[in-house]
Structure formats: structure tokens, C-alpha cells
Amino acid sequence: MQRDITAAEALALVLAETPVLGSETVALGDVLGRVLAEPVLSTRVLPPADNSAMDGYAVRAADCAGASERAPVWLPVAFEVPAGAAEVPRLECGSAARILTGAPLPAGSDSVVRQEDALRSGHRVAIRVEPEKGEHVRRAGEDVERGERVLEAGVRLGAAQIGMLASLGRSIVAVHQRARVAILSGGDELVEPDGDIAGGRIVSSNSWSIAAQCRELGAEPVYLGIARDAPEDIERRLRAGLAADVIVSSAGVSVGDRDFVRDVLEKLGCRLHFWGVKMKPGYPLAFGRVGADGRGPLVFGLPGNPVSAMMTFEQFVRPALLRRRGARRLHRPLVSVRVAEALHKKPGRLHFVRVTLSREGDAIIAQSTGNQSSGVLKSMIRAQGILIFEADASELAVGATATVQVLDGDFLASDTPGF
Ligand code: AMP
Ligand code: MG
């Protein structure tokens, strides 16, 4: 087991142990937010045939040469083509067909004159503009050609991708499995939110924030409850989590007399890869894997303090869960910011400073969310980003440049639509 390693070393060890999950087929209605497990090649042509982009008249452009409002060209209306028409007659030279949006273009015609540019009179129509060949026609295959690779494996499915899959006739889709994450909290002082807080007890908020962090990533939390500070209870509950893909336990991994989690993990066959990461908050992070064959769940022993638990999840569990579900990009967007107030620390550990973000012209300004103590969950509530205060640095002066992981792009939201 490695001790006292850097955040970058820890992340590399985590990702080296994190294989991508297999795939499953899921109904199209349930794939929002899931990650495609295989590329999608089209077996269709979209649109399937040349069709009209407008309500109007299908014509041969050459028949309407020189047409204008003053000197319209009169054509007989030979037939009508509604959307969805199965059989469409051929358009003979010197005639027009009434056509509706989305209807297939009759053979023999090559353009559509908008209804607004035509004047119907009985069986004839006056064409009042000179159409260009191909005008108001949507070409077969202009969206998707047969055999085209429309979506790549690893793409996260959103509304547009799901609409495309529907167009391609894919009612079921191969996506990566969702990770099941067993969540254990531990401590004699902890109760559930509706529990009795007399005598200095506190609510196990970590159970809730960690489950929510899992759900945000499309993983399925499985709650193992609150373990008492007793090895037997911790073991009993952790055993129930051995069937999960990932175990996330919080608290009890430090060096206190009642920190039994690491010992119990080792007893259950978990090989610990590291303990102690030179970061703040979150130093006492442990990571390992159950099972000698490397097939058992990944195990994260997060520190108990609410901010430390969320931060270590954010920096290590999150990328692992993203990797696990097949995503190609594992990290938050990074922006370069100007520091609004001076920050100081002792060199040695990387600090993850919770900040609010605002725009000032082209610059992004980062301001600390206040008390950065690892028990002050309020510092996370307001956080729009996490500022990276490098391990060996001791000061960031006002106006200094730093890198921020963006948690919430809302600071880019605008009061105006931009059009
Ligand atoms: P420990 O790692 O057990 O020493 O816990 C460190 C600090 O985190 C203590 O103040 C605990 O009360 C607190 N803590 C531990 N687990 C939780 C939890 N599930 N929710 C909120 N606070 C916790
Ligand atoms: Mg404890």
C-alpha cells in the first residue's frame, strides 16, 4: 500500500483499477443520460426521398423560366401529393402538382414554388416567381446516408441523440450498464434525518450527498445504512455491499481509536492501494479493491467530514464512475480565473478551494465561498467551482491566475437570449 501520495498519483492508481462496465440493451424511452456502448451505423437514408420543404407546387424549374409577378407562367395542376403519399404519379412537362410539406417530390419535377408565390385558379396555377432548380426541396439523404456512422460509442445520450435513434428505427439501444454503488456511513454519533439528535448526535448527511453524487452520474446507489463504531457491524454491512460494483464508505478511515473501516476492509479481502492523499480537504482517503482476481468492487474509504467526503468523491469516485460507464471524458470543464482575494496556506498539500465564479468582461473572477473548514458544508452549497491551489504554493495574490474546475456552468447563464 502506498502512503502519503499526491492527488495526481492517487487518481492514476484509481483509474488504473477501473475497467469499463459491460453493456445492456435498454428501451429507447429509458436511455436519457446513458452512454452508448457501440457506434450507431444507419441502415436508413434520411430523409428517405426527395421531398417538399414547403406547402406549394412541384414544378420543373425550366417550365417556369422568366416567371414574375407581372408575367406569371400558367400551368395546369395535374394532381395533388399529400405528406405520406405512397404512390406519386410522374409530373409531365408543362404541368404542376399541388404538394404539401414533407410530401415526396414527384418524378419529373425538380423544385417547389411556395404557395405564397403562386395563385391558384381552378385547375390552373399562376407561378409568379422563377424557381431555382432544387429550391425548397429536401434531398434524400441530406441528413443521414445509408451506412453512415451517426453516433460514436462513448457518447452520452441526450435529446438530440435520442431523436436520431428514433428516426433510425432503434427502439432498443446498447448502453453501458449503470454502476451499483454501495454506500456505507459509520459513526456512533450518526442518525438518520428524522432521528433523535439529543446528546450531540448529528445527521448522517454524507449518506445523502454521496447518494446524490452517484445519481448525478447515472449510477445506482445502494444504501447500507449507518454502521456503529464496532468492527462486527461495519463488517456485516460491508459484506452486503460486496455484490456492488463500487463500495463507498465514509468516516472511520483515519487514525482514531475507533477507525475500524480499513481493518475490516482488509479482512474482507480488500487490497488497499493507497491511504493518505496530500490534499485538503480529504487527506485520509483510502482506496482498494476486493478480490485477488481484480474482479471485486472498487472500494473508496472516504473521510467522514462532509466536505472531505464530497470532495474526495468529486476528485476520485466521480472520474472512476464516469470511466466505468464508458464515458470518454472524465473531468469537469477547466477555466482559468483571476483570484478575487488573496489565499494563503502552508506548502505540502494541494488545496481544493470552493469558489463562486463571476464574469468581468472576458475574465472570470473566483471568490472563496468563505470558511473552508472541512465540516462547513455551506462552503459547498455556494460553490460554482473548485480552485486548485497547488501543493507547493503558499500564496495566491489578488489578481493571480489559477485553474478552476467548473461545477456549475450557471455563472455563464444570461439575462438575455443573445438574439
Ligand atoms: P471520522 O472519520 O469518523 O473521524 O469522522 C470525521 C468527522 O466527520 C466527524 O466529525 C464525524 O462526526 C463526521 N462524520 C462522519 N460521518 C459522517 C456522516 N455520514 N455525515 C456527516 N458527518 C459525518
Ligand atoms: Mg467516526
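Select proline 47 to begin: this residue is found in the loop between strand S3 (40–41) and strand S4 (51–52), strands being DSSP runs (E) of at least two residues and helices runs (H or I) of at least four, numbered from the N terminus. The model is predicted, with local features needing pLDDT of at least 70 and side-chain atom pairs counting only at pLDDT 80 or more, while totals for chains, interfaces and linings use all residues. Residues are numbered from 1 along each chain as its sequence is written, chains are lettered from A and ligands numbered from 1 in the order in which they are written, and side-chain values use heavy atoms, without hydrogens and water.

The peptide bond from leucine 46 to proline 47 is cis, with omega near -15°. Next, select proline 281, in the loop between strand S20 (279–280) and strand S21 (286–290); the bond joining lysine 280 to proline 281 is also cis, with omega near 0°.

Then display ligand 1, which 15 residues surround (a heavy atom within 4 Å); the closest are Glu189, Ser204, Ser205, Gly304 and Asn305. A polar backbone atom of serine 205 is 3.1 Å from a nitrogen atom of the ligand, and a backbone N or O atom of glycine 252 lies 3.2 Å from a ligand oxygen atom.

Finally, select helix H3 (residues 205–216) and helix H6 (residues 306–324), whose axes, lines fitted to C-alpha atoms over the stretch in contact, come within 10 Å and cross at roughly 25°. H3 is therefore roughly parallel to H6, a term for angles under 35 degrees. Residues making the contact (heavy atoms within 4.5 Å) include Ser205 and Ile210 of H3 and Phe313 of H6.

Methods. Axes fitted to C-alpha atoms, helices over the stretch in contact; angles between N-to-C directions. Parallel < 35°, antiparallel > 145°, perpendicular 65-115°, else oblique. Polar contact = N/O pair within 3.5 Å; in protein donor to acceptor, adjacent residues only side chain to side chain.
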